[in-house]
Amino acid sequence: ILGIVFSFSLLCFAGQISSVMNNPDLKMALIVFSPTPFLLLPTMGLDAIYASFRKTKYLAYYTVATRVLTIICIVLPVVLFSGNYLHAIVGFDIASLITFFLALYLKSWPVKDVEGKKSNLTYKEIFKFALPLLYASLWGMVISSANQFFISRYYGNEIFAEFSNGFMDLPFVGMILGSISAVLLPVFSGMDKGNGMSKETLSIWNSALLKSAKLIFPMLIFSIFFARLIMTC
């Protein structure tokens, strides 16, 4: 349902969004892209499911396979048919459709032999747990999109194109934090007794925070000093 709302919003407000971004080419791109949220939002949660069932090996296969598929579907229309960015977005839509069906199958696979029972959880309890995570994700999206918004809005398409080609987001921060959160979320969910974080939970949290900092901070410091060399390479 959220995916339908998101896709419908992109379809209906593509013109207004392109006007705010001061990018007339964005309107058609958003219209072509609009099915993707409907297709990809239901795939979210697969990481947590497979982490809970200790089947992360299969999750790794799925992630690599779908990422390679996405790259192929984006690149092939451009290379083979001399397509433009709209052809690349159509390729992304096709990859999203295949990923959608694959993820739906994989979500049911760990519990295919388990008899279904009605949950004691109410929708109110589920949303009470999930909405803070959603709000955090939305703020993260706003922060990560700030550069693109201001450059596109105030400097035009050509500068934005230069920025898009020259900008590189260092992937290891998201990779490390994403891996940690995928493992810790089901652990914390199981430990939660409704009374806030216990000493045991805080101990695990602090340990994960410290270890992730030991991995991330040296990489960041290295990247600051060798930024020009990294971008040149």
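Asparagine 22 lies in the loop between helix H2 (14-20) and helix H3 (26-33); helices are DSSP runs of H or I with at least four residues, numbered from the N terminus. The model is predicted, so local features need pLDDT of at least 70 and side-chain atom pairs count only at pLDDT 80 or more, while totals for chains, interfaces and linings use all residues. Residues are numbered from 1 along each chain as its sequence is written, and side-chain values use heavy atoms, with hydrogens and water left out.

**Confidence**
- Mean pLDDT (the predictor's confidence in each residue, from 0 to 100) is 85 for the protein, and 97% of its residues reach 70 or more.
- Helix H9 (residues 172-191) has the lowest confidence, at a mean of 80, and helix H4 (residues 35-40) the highest, at 91.

**Positive phi**
- Asparagine 22 is not a glycine, yet has a positive phi of about 55 degrees.
- Asparagine 22 is partly exposed at 39% relative accessible area (buried is under 20%, exposed over 50%, partly exposed in between; 1.4 Å probe, protein chains only).
- Arginine 54, in the loop between helix H5 (46-52) and H6, also has a positive phi of about 55 degrees and is exposed at 77% relative accessibility.
- Most residues other than glycine have a negative phi.

**Helix H6 and cysteines**
- Valine 64 is in helix H6 (residues 56-81) and is exposed, with a relative accessible area of 53%.
- Cysteine 73 is buried at 14% relative accessible area, whereas cysteine 233 is exposed at 81%.
- The whole structure has 0 disulfides (pairs of cysteine sulfur atoms within 2.5 Å).

Technical notes: Helices (H or I, at least four residues) and strands (E, at least two) are DSSP runs, numbered from the N terminus.
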